[in-house]
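Here is a short report on helix packing and nonpolar cores. Please read it alongside the model.

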Amino acid sequence: MAGRMPQTGKMNFSEQNNSIESRVCAKYNNASDALIEILHDIQNALGYIGNDTLQKIAHALNLSRAEVYGVVSFYEDFKTEERTGKLLKICRGEACQSMGANKLLEKGRASAAHAPFDVEAVYCLGNCALGPAAML
């Protein structure tokens, strides 16, 4: 088609403003001090924080991509890849380890090979008195 602009991979203004990332950032007035809340909301909506999402958040909050990625990579709860199924979190804190969390983790990982869920070791689910704690 004559006169058509080539695709550059960038979103136009209206597409960017309609994205989940833009709407969530706007909900928090594009405030960089709300980054953690923004990341949680976006991960709840999308399931993970991908490279494109990092860039959109950085742009909306006037931060560098590295600043946003630094927060995402620091906290274990933020995921940068899409999960295929549900997630089983098994606590490996000291109280849970003393109650058999390591064996539970081994069994969970063995079961995950044949089930539609992933298993992840975490360090405290806040239920130490009733350990070993797990959350699906």
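## Nonpolar cores

Ile38, Leu39, Ile57, Val68 and Val72 touch the most other members of the largest nonpolar core, which has 15 residues. Such a core is a set of buried Ala, Val, Leu, Ile, Met, Phe, Trp, Tyr and Cys residues joined through side-chain atoms within 4.5 Å. Buried means under 20% relative accessible area, exposed over 50%, and partly exposed in between (1.4 Å probe, protein chains only). At least two residues of this core come from each of helix H2 (20-27), helix H3 (35-46), H4 and H5. A second, separate core has six residues, including Ile90, Ala112, Val119 and Ala121.

This is a predicted model: local features need pLDDT of at least 70, side-chain atom pairs count only at pLDDT 80 or more, and totals for chains, interfaces and linings use all residues. Residues are numbered from 1 along each chain as its sequence is written, and side-chain values use heavy atoms, with hydrogens and water left out.

## Contacts of Ile57

Which residues does Ile57 contact, leaving aside its neighbours within four places in sequence? They are Cys25, Leu35, Ile38, Leu39, Ile42 and Val68. Contact means heavy atoms within 4.5 Å.

## H4 against H5

Helix H4 (residues 51-61) and helix H5 (residues 65-74) have axes that come within 8 Å and cross at roughly 120°. Axes are lines fitted to C-alpha atoms, for helices over the stretch in contact, and angles run from 0 to 180 degrees between N-to-C directions. H4 and H5 are therefore oblique to each other. Angles under 35 degrees count as roughly parallel, over 145 as roughly antiparallel, 65 to 115 as roughly perpendicular and the rest as oblique.

From H4, Asn51, Leu54, Gln55, Ile57 and Ala58 meet Arg65, Val68, Tyr69 and Val72 in H5. The residues of this contact comprise six nonpolar, two polar and one charged.

## H2 against H3

H2 and H3 pack at about 145°, their axes 10 Å apart. In H2, Ile20, Glu21, Val24, Cys25 and Lys27 meet Ile38, Asp41, Ile42, Ala45 and Leu46 in H3. The H2 contact with H3 has seven nonpolar, no polar and three charged residues. Ala, Val, Leu, Ile, Met, Phe, Trp, Tyr, Cys and Pro count as nonpolar, Asp, Glu, Lys and Arg as charged, and the others, Gly among them, as polar.

## Gly85

Gly85 sits in the loop between H5 and strand S1 (86-91). Helices (H or I, at least four residues) and strands (E, at least two) are DSSP runs, numbered from the N terminus. Gly85 counts as partly exposed because its relative accessibility is 30%. Gly85 and Pro116 lie 31 residues apart in sequence, with 5.3 Å between their C-alpha atoms.
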